[in-house]
Amino acid sequence: MSEFDGKVALITGGAQGIGKAIGTLLAERGATVVVSDLNLEAAEETVSGWTSRGLEAMAIRADVASEGDVKAMFDTVLSRVGKVDILVNNAGITRDKLLMRMKDEDWNLVLSVNLKGTFNCMKAALSSMSKNRRGRIVNISSVVGAIGNPGQANYAASKAAVIGLTKTVAREYASRGITVNAVAPGFIETSMTASLSENVKETLMKQIPQGRLGVPGDVAHAVAFLVSEGSNYITGQVLHVNGGMYMSG
Ligand code: NAP
């Protein structure tokens, strides 16, 4: 018997990067993984890589910022697999500019995907989790939400807000057997950080005691812990995965 046998895990933005690593780990440990992404083709490719290895998974397209897309996604998933035991709100974007040059549309877009998207998916998942009186939610925040970063006012605000949202929903649903936690990655090698120049990477590296950027699997293992049986008594917490770059009090 594998750890997550019989469990259904839905991962937003799961086609690539950190979301894909989380999905891979949970599928390898027995979960049926629903990969939700803006890009259906990429999600289907990820899923077929797993199903060809005999793992259980399905792909679905949804823009997390759209309440209608999210509702339709949950309706489809519930009708096809009956439940969602684990929700990982991983979809996220950046639109970086210094504050004075940041356009309203970039502010609004980042907040609508990173923050409103997390709200939309939790709202949709919690009604069925509440009925089952069981559930696990992990929201992906960022070290930037804790310490700030020049050029990322919109992103940092969204990721800090995800922490407040996580703690609040954790309090609202604790009595129903549902835990809600956040994982805050540091700088992780994915397409999101691929465009950083070597200069910026070197400067970053000096701030990381472990002396390396993270890899998606580093984050996936933290998420797998928070959705496991062993984390039953952990809710409303932020788990930092950053090689020591920021140490919370
Ligand atoms: P990534 O490689 O860019 O993957 C993000 C995925 O989310 C992509 O597949 C993307 O699809 C999808 N997505 C974007 N907007 C969406 C929307 N509106 N609805 C549904 N899916 C959407 O990024 P990543 O580095 O793996 O990041 C994953 C999460 O970790 C994000 O929340 C990010 O903020 C957070 N994080 C990352 C780092 C890092 O250093 N990489 C650090 C801290 C936190 P498309 O490609 O089609 O747009």
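Q: Which residues of α4 do E67, V70, M73, F74 and L78 in α3 meet?
A: This is a predicted model, in which local features need pLDDT of at least 70, side-chain atom pairs count only at pLDDT 80 or more, and totals for chains, interfaces and linings use all residues. Residues are numbered from 1 along each chain as its sequence is written, and side-chain values use heavy atoms, with hydrogens and water left out. Helices here are DSSP runs of H or I with at least four residues, numbered from the N terminus, and contact means heavy atoms within 4.5 Å. On that basis, the five named residues of α3 meet, in α4, N120, C121, A124, A125 and S128.

Q: How are α3 and α4 oriented to each other?
A: Helix α3 covers residues 67-81 and helix α4 residues 104-132, and the two pack with their axes 9 Å apart at an angle of about 30°. Axes are lines fitted to C-alpha atoms, for helices over the stretch in contact, and angles run from 0 to 180 degrees between N-to-C directions. Angles under 35 degrees count as roughly parallel, over 145 as roughly antiparallel, 65 to 115 as roughly perpendicular and the rest as oblique. The two helices are therefore roughly parallel.

Q: How many charged residues does the contact of α3 with α4 have?
A: Ala, Val, Leu, Ile, Met, Phe, Trp, Tyr, Cys and Pro count as nonpolar, Asp, Glu, Lys and Arg as charged, and the others, Gly among them, as polar. By these classes the contact of α3 with α4 has 7 nonpolar and 2 polar residues, and its number of charged residues is 1.

Q: Is α1 roughly parallel or oblique to α9?
A: Helix α1 (residues 17-28) packs with helix α9 (residues 216-226), their axes being 8 Å apart and the angle about 50°. Because of this, the arrangement of α1 relative to α9 is oblique.

Q: Which residues come nearest to the ligand?
A: A residue is near a molecule if one of its heavy atoms lies within 4 Å of it. There are 28 residues around the ligand, and those that come nearest are D37, N90, Y155, I188 and T190.

Q: What distance separates a nitrogen atom of the ligand from an N or O atom in the side chain of D63?
A: A polar contact is a pair of N or O atoms within 3.5 Å. A polar side-chain atom of S191 lies 3.0 Å from an oxygen atom of the ligand, and a backbone N or O atom of L38 is 3.5 Å from a ligand nitrogen atom. For the side chain of D63, the distance to a ligand nitrogen atom is 2.8 Å.

Terms used
A polar contact is a pair of N or O atoms within 3.5 Å; within protein, one must be able to donate a hydrogen and the other to accept it, and residues adjacent in sequence count only if both atoms are side-chain atoms.
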